[in-house]
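Subject: Structure handover

Hello,

Here is the structure for your files. Please read the notes under it with the coordinates open.

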Amino acid sequence: MGAAEDTKVRSVLAALMLLFLLSYTNSIAVGPEAPRLALASGPKSPGQHYRLKRGWIWKQLFVPEEDPTPRVIGQLKSDSDRGEFGIQYILSGEGAGDAFEIDEYSGEIRTLKKLDREEKAFYVLQAQAINRLSQEPEEPQSEFIIKVQDINDNAPRFHNQPYVASVPEMCPTGTTVFQVTATDADDPTFGNNAKLIYSILQGEPYFSVEPKTGIIVTSWPDMDREAKEQYLVVVQVKDMLGMSGGYSASATVSVSLSDINDNGPIFQHHLYTFAIPEDAVVGTTVGRVKADDADIGGNAKMNYSLQVDLEENATFTVHTDPLTQEGIILLAKPLDYETKRRYVMVAEAINEEVDPRILSPDEFSDRTTLKIMVDDVDEPPVFLSPVYEWKVAENAGVGIAVGAVSARDTDAANDAVRYSLDKHSSAGKAFSIDPHDGTITIAKPLDRETSAWHNLTVVAKETTLKRLSSSVLASIKVLDINDNAPQLAGHYQPYICEGTQAGELIQLLSATDPDQPPEGHHFYFSMVPDKHINPNFTIRDHQDNTAGIVARRSTFTRRDRGRYLLPVVVTDSGSPALSSTATLTISVCSCQPAGHCPSGGVEALALSMGVSLQTFVTLLVCLLLAAVSSVLTLLLWRHRRKQKAAQKKASELELPDTVSQKVLYYAQSGGPGLDAGLPVVPLRPHSRRRQKRLARDEVRASIRMSLRESHLVGPEDDVFRQFILDRLDEADGDPCAPPFDCLTAYAYEGSGSSAGSLSSLESCGLESPASTPRSPWARLSPWYGGVEDDTVF
């Protein structure tokens with residue numbers, strides 16, 4: 001039966017059910033509703049009870065999805081409806097007015113639009129029957145369901161694509177690879193719309209799929225990854241159980257074969273030949289060998305080994321490079337061309353992981369032959385010992401042999417060898433070496449306390465043209481002898497308080513000795529032997545390399561005696577025993593209440609002078625005041641002396657030649673336009689005055705020439721005006737020059753004046769009133785040292 005026919009059958013069944021419900025009546029009601037229902041059914045005798053039919057009960061209605069044509073899907077009918085349109089039917093709930101509507105007179109329910117079951121599968125609605133006149137319910141509100149019937153309008157879909165799967169190579173047939181899952185939005189409970197079936201479109205004959213579950217399994221035995229690693233499997237799914245008219249979808253699964261260790265290593269060559277010089281250092285790479293393995297990852301990892309006799313196996317080793325899986329041949333021992341020139345051995349490569357279920361143990365390994373040739377090299381001399389060490393006493397004499405080194409040429413030529421000491425290692429030149437036999441002797445006296453070890457570098461060099469050389473370290477230890485006297489451990493400054501009692505410890509002594517006897521130091525402390533016993537102090541030896549100075553009496557005062565000298569003898573336990581004497585100064589001190597004696601500063605100085613602290617401070621203050629007073633008196637005297645010298649220089653008429661000390665001075669008063677008693681005005685000093693003296697001389701010469709020419713020109717001449725302006729600018733711009741402004745102002749008085757020029761610069765060469773003794777003008781010749789050539793223009 002087709003889907004359309006099935007839909008028609010269901011629609012007929014729904015209509016029959018609706019008619020049955022409309023024809024069904026309610027039982028007679030007992031209670032408050034009986035009068036209303038009786039009126040709705042017709043005239044009844046009062047007090048009589050009626051049994052009403054239960055016809056107003058709704059289950060569900062059905063409507064096919066995706067039907068765009070509006071249609072009647074059912075009808076509501078009340079038992080009180082007599083066909084006079086007195087009953088109003090009302091529909092409410094989900095989709096009322098949007099998807100469904102009801103005819104308020106006939107009660108027919110119609111669809112308004114096409115419905116999608118996948119969007120909403122059913123609608124819950126409520127129906128009411130109301131009397132139009134009284135607006136009272138004729139029937140109780142009833143709820144019913146309109147269910148949307150499914151049609152096959154959705155195609156199945158795969159989710160979470162793309163699909164990637166892996167399966168071991170060589171796996172048996174039927175091994176599960178992957179499971180694909182598709183879903184269909186149609187109703188799985190209605191017909192075959194959502195019933196799916198899977199099939200293979202691509203991937204056969206290697207893979208197959210179970211039709212109902214979508215599980216992909218292998219269908220080909222012994223699939224080899226080394227032959228093909230990737231497969232693409234296309235799976236198709238259909239609804240309607242694959243019948244015609246259904247929908248379908250497809251998905252691709254990328255299946256890769258994972259590797260298993262089913263291949264062993266194979267060397268690329270059956271023989272490998274290498275060469276290495278005999279002077280190669282241990283650890284040098286001789287060469288590399290490579291075995292190929294078709295597997296990947298951990299299945300391709302292998303280890304290399306050498307299968308040779310014990311001697312050759314110890315000369316070379318092999319290690320596996322973790323990145324390239326190559327076997328690296330390394331030198332493990334020094335080579336000697338003269339001893340052995342060729343090595344032949346077997347190298348084996350074997351997998352780390354071996355699975356005997358797949359291959360036999362022999363198939364997981366392979367072997368090849370190695371041939372290593374040693375090349376001859378001219379080598380330097382070789383010392384018979386890698387290091388030399390000797391001992392010598394520090395009192396050994398010069399020329400004593402300490403030891404000897406020996407080296408030989410290991411080459412076939414066996415050249416002669418000469419010995420020498422490296423200059424950097426024998427900086428002190430305390431030892432020398434015989435160049436022929438390598439004997440080392442003492443060249444200078446030794447002192448263990450200065451240098452306890454001497455590290456010498458001995459060089460052995462061939463006498464051939466190449467002069468190859470090698471070196472070795474020779475260490476010489478200088479043994480100690482008792483050649484240093486012990487000394488006190490520090491600079492002791494003992495003191496004794498005035499209240500010290502007899503028998504009290506004054507100072508604890510210890511000693512040091514640069515010597516180092518094997519049994520350790522032991523010092524003895526004593527006083528210098530004398531005919532009389534020291535009445536003041538004694539030394540008590542503690543027999544532990546320390547001693548104490550002890551007071552022998554109790555009457556020490558600073559007034560009687562401020563210091564005592566005590567010689568102390570320190571003797572060591574060497575053979576022969578050595579000793580030294582140190583004289584200690586013991587000061588008598590007026591100690592503080594806690595027993596402390598000041599050892600520095602003003603207080604200690606005052607105590608050492610035998611005065612009290614207050615008296616000492618007073619003396620210091622007086623000395624400081626006297627020094628300050630003397631300094632102030634000296635400064636005042638120097639200031640007055642400078643003032644007198646300045647006044648004396650200002651009163652002199654004849655001034656020094658230097659420009660910095662020239663002044664403008666008028667001897668007498670009464671000059672025209674000048675005040676009497678004009679004070680002395682010194683020029684401002686300047687540090688560059690001497691540097692500008694030559695420039696001023698040039699200016700004077702220019703002025704003299706201009707003045708001579710000015711008597712021939714008038715004041716209205718342009719040249720004269722420019723000259724005056726230039727001189728004024730020069731005088732104004734030079735703060736260190738003499739007052740040339742006066743000279744410039746009166747350089748030219750005019751040609752018609754009977755008195756002539758008022759400038760004093762021409763007074764020395766002209767007979768004028770300005771040069772008479774009674775003239776109020778003084779010569780300005782002192783400005784330029786009184787030389788006639790400097791003042792006459």
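The notes below go through strands, a surface patch and a loop.

The model is predicted: local features need pLDDT of at least 70, side-chain atom pairs count only at pLDDT 80 or more, and totals for chains, interfaces and linings use all residues. Residues are numbered from 1 along each chain as its sequence is written, and side-chain values use heavy atoms, with hydrogens and water left out.

Strand 6

Strand 6 covers residues 122-131; strands here are DSSP runs of E with at least two residues, helices are runs of H or I with at least four, and both are numbered from the N terminus. Of its 10 residues, 7 are buried, so strand 6 is largely enclosed by the rest of the structure. Buried means under 20% relative accessible area, exposed means over 50%, and partly exposed is in between (1.4 Å probe, protein chains only). Strand 6 runs antiparallel to strand 3 (residues 87-93), with 7 bridges between them; two strands count as paired if DSSP finds at least two bridges. In that pairing Ile90 is opposite Gln128. Strand 6 is also joined by 8 bridges to strand 7 (residues 137-149), again antiparallel, and Ala129 faces Glu139 there. The hairpin of strand 6 and strand 7 has 5 residues between the strands, and Gln135 takes a positive phi near 55° in it.

The sheet with strands 34, 36, 39 and 38

This is an open sheet of 4 strands in the order 34-36-39-38, paired antiparallel. Strand 34 (487-488) and strand 38 (537-541) are at the edges with a single partner strand each, so one side of each has no neighbour in the sheet. Strand 36 (residues 505-512) and strand 39 (residues 546-551) are joined by 5 bridges, and Ser510 is opposite Thr546.

Surface patch

Leu624, Val628, Val631, Leu632 and Leu635 make a nonpolar surface patch of about 480 Å². Patch residues have over 30% relative accessible area and no salt bridge; nonpolar side chains (Val, Leu, Ile, Met, Phe, Trp, Tyr) are joined within 5 Å, like charges within 9 Å. Areas come from the Shrake-Rupley method with a 1.4 Å probe, and for residues only the protein chains shown count as cover. Val631 belongs to helix 5 (residues 613-651) and is partly exposed, at 48% relative accessible area.

Asp184

Asp184 is in the loop between strand 11 (182-183) and strand 12 (197-202). Asp184 is buried yet has no salt bridge, and the nearest side chain of opposite charge, Arg117, is 7.0 Å away. A salt bridge needs a side-chain nitrogen of Lys or Arg within 4 Å of a carboxyl oxygen of Asp or Glu.

Regards

Definitions and conventions
Lys and Arg count as positive and Asp and Glu as negative; His and the chain ends are not counted.
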